Amino acid sequence: MNKQRVVIIGGGPAGLMAAEVLSTSGHSVTVYDSMPTFGRKFLLAGKTGLNITHAEAYSQFVARFGAAADKLRPALDEFTPNDVRQWAAGLSTETFVGSSGRVFPKVMKASPLLRAWLARLTAQGVELKTRHRWMGFAEDGYLFDTPDGRRIVHSDAALLALGGASWPRLGSEGNWVPWLREKGVPITDLRPANCGFDVDWDETFRERFAGVPVKSVTATSDAGTLPGEFVVTVNGIEGSLVYAHAVSLRDRLERNGEASLLLDLMPGRTTERLARDLARQDTKASLSNRLRKGAGFEGVKTALVRMVASPGDIIDPQRLAELIKALPLAVVRPRPIAEVISSAGGVAWSGIDNAYMLKALPGLFVAGEMLDWEAPTGGYLLTACFATGRAAARGIEAFLDR
Ligand SMILES: Cc1cc2nc3c(=O)[nH]c(=O)nc-3n(C[C@H](O)[C@H](O)[C@H](O)COP(=O)(O)OP(=O)(O)OC[C@H]3O[C@@H](n4cnc5c(N)ncnc54)[C@H](O)[C@@H]3O)c2cc1C
């Protein structure tokens, strides 16, 4: 057996998956992580249910990765959503398909799975080293800050699985970007993905409605028209419907400096019917009363209409109905990357070969969210992190066997 030393830096889903593959085939593997425990973001994902993969048709699943779908496809083919479910079951975590097609562990959390996973890795001889922060390259190795001071680690091959730059307090800080750039690795700037957006609420609206959900609407952007709900926050808007439009809103803001989500606040009624219902209301009644009786609106939807409507819209049932069916909500900027679910950008595909090895640094591989791909929420992120972790591990095996 070819027992060579492999160093994995970053103990999230991608790094741990690579460790599993490499230790199964008998390599000596050490995983280093800067945090006191492994998989902190994985655990946080578990706090909101842990959406581990998605059960939609596989071709559609792959298409969710947009521009990177073709690049990721070979890795995903080798570790499909079904494989993710079987793998979790092998670690005593049974999964189920929710009504949206999203796949969750029956226990709706990540901790039992992570515990079993780390136990498997330890049993397979993987050395797990916490509180080891990678600080960049030393002349002939990798420089770490450890509880016992600075240390240089040498290896026959190494994997970086450092994550993106969201939620830095869980470990992924994006501090690797300049170190790799300095070595000639092409990197697309890290940007927020699956993010909320700031909206210029007026003070009264913000005070009254922060935290209130806006339910049963559709929202339209370049991403298409999608049904769902979102939440008003102190700064703007958050929630699954917003995340589904995040790429298109973010890219439009970058291109044009402005972007809007077009809301249909009453998707179940046509404009004509709504205009008729509003026209039947007493013209002397307040806007709130007319919207309550004519459209069944309360609170936040009425306030959104009031915020955008001109005086002319308010008195004209036809114009009011048109506004309710296509209310433009201008977003100002994405929320800061530190608080979003995932990041876009990262190591460019042109910088790695088919085995996930950096062309500029032979023997060093990359996997997970630090690569330049993005996907919506729904289990796509974790599946691609697992799959690229495995693919990079196979690449390392081939490199060591060469
Ligand atoms: C709130 C939230 C909910 C989410 N929910 C879901 C979900 O339900 N489904 C889904 O598919 N995805 C979800 N995600 C996204 C998913 O968790 C990430 O895409 C995934 O964890 C990325 O895996 P990774 O291994 O690439 O990186 P990470 O999980 O970020 O792991 C990287 C590791 O590298 C370590 N590290 C970084 N820099 C250094 C360094 N210099 N030295 C040593 N170690 C370092 C970090 O400490 C960390 O442990 C969620 C994310 C968030 C924030």
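This is a predicted model: local features need pLDDT of at least 70, side-chain atom pairs count only at pLDDT 80 or more; totals for chains, interfaces and linings use all residues.
**Exercise 1.** Determine how helix H1 packs against helix H6, and which kinds of residue make the contact.

Solution. Begin with the geometry: H1, residues 13-24, and H6, residues 111-123, have axes 10 Å apart and pack at an angle of about 35°. Next comes the handedness, which is that of a left-handed crossing as H1 passes H6.

**Exercise 2.** Decide whether Asp 264 is buried or exposed, and find what surrounds Asp 264.

Solution. Locate the residue in strand S16, which covers residues 259-264. Asp 264 has a relative accessible area of 11%, and because buried means under 20%, Asp 264 counts as buried. Leaving aside residues up to four places away in sequence, Asp 264 touches Val 217, Thr 218, Ile 324 and Lys 325. With one of these, Lys 325, the contact is also polar, joining side chain to side chain at 2.8 Å.

**Exercise 3.** Work out which strands stand at the edges of the open sheet of three strands.

Solution. Write down the order, S3-S5-S4, in which the pairing is antiparallel. S3 (53-54) and S4 (95-97) each have a single partner strand, so they stand at the edges, and one side of each lacks a neighbour in the sheet. Finally, examine the pairing of S3 with S5 (residues 102-105), which rests on two bridges; Thr 53 has Val 103 of S5 as its bridge partner.

Methods:
Residues are numbered from 1 along each chain as its sequence is written. Side-chain values use heavy atoms; hydrogens and water are left out. Axes are lines fitted to C-alpha atoms, for helices over the stretch in contact, and angles run from 0 to 180 degrees between N-to-C directions. Helices (H or I, at least four residues) and strands (E, at least two) are DSSP runs, numbered from the N terminus. A crossing is left-handed if the near helix is turned anticlockwise from the far one by less than a right angle, and right-handed if clockwise. Ala, Val, Leu, Ile, Met, Phe, Trp, Tyr, Cys and Pro count as nonpolar, Asp, Glu, Lys and Arg as charged, and the others, Gly among them, as polar. Buried means under 20% relative accessible area, exposed over 50%, partly exposed in between (1.4 Å probe, protein chains only). A polar contact is a pair of N or O atoms within 3.5 Å; within protein, one must be able to donate a hydrogen and the other to accept it, and residues adjacent in sequence count only if both atoms are side-chain atoms. Contact means heavy atoms within 4.5 Å. Two strands pair if DSSP finds at least two bridges between them.
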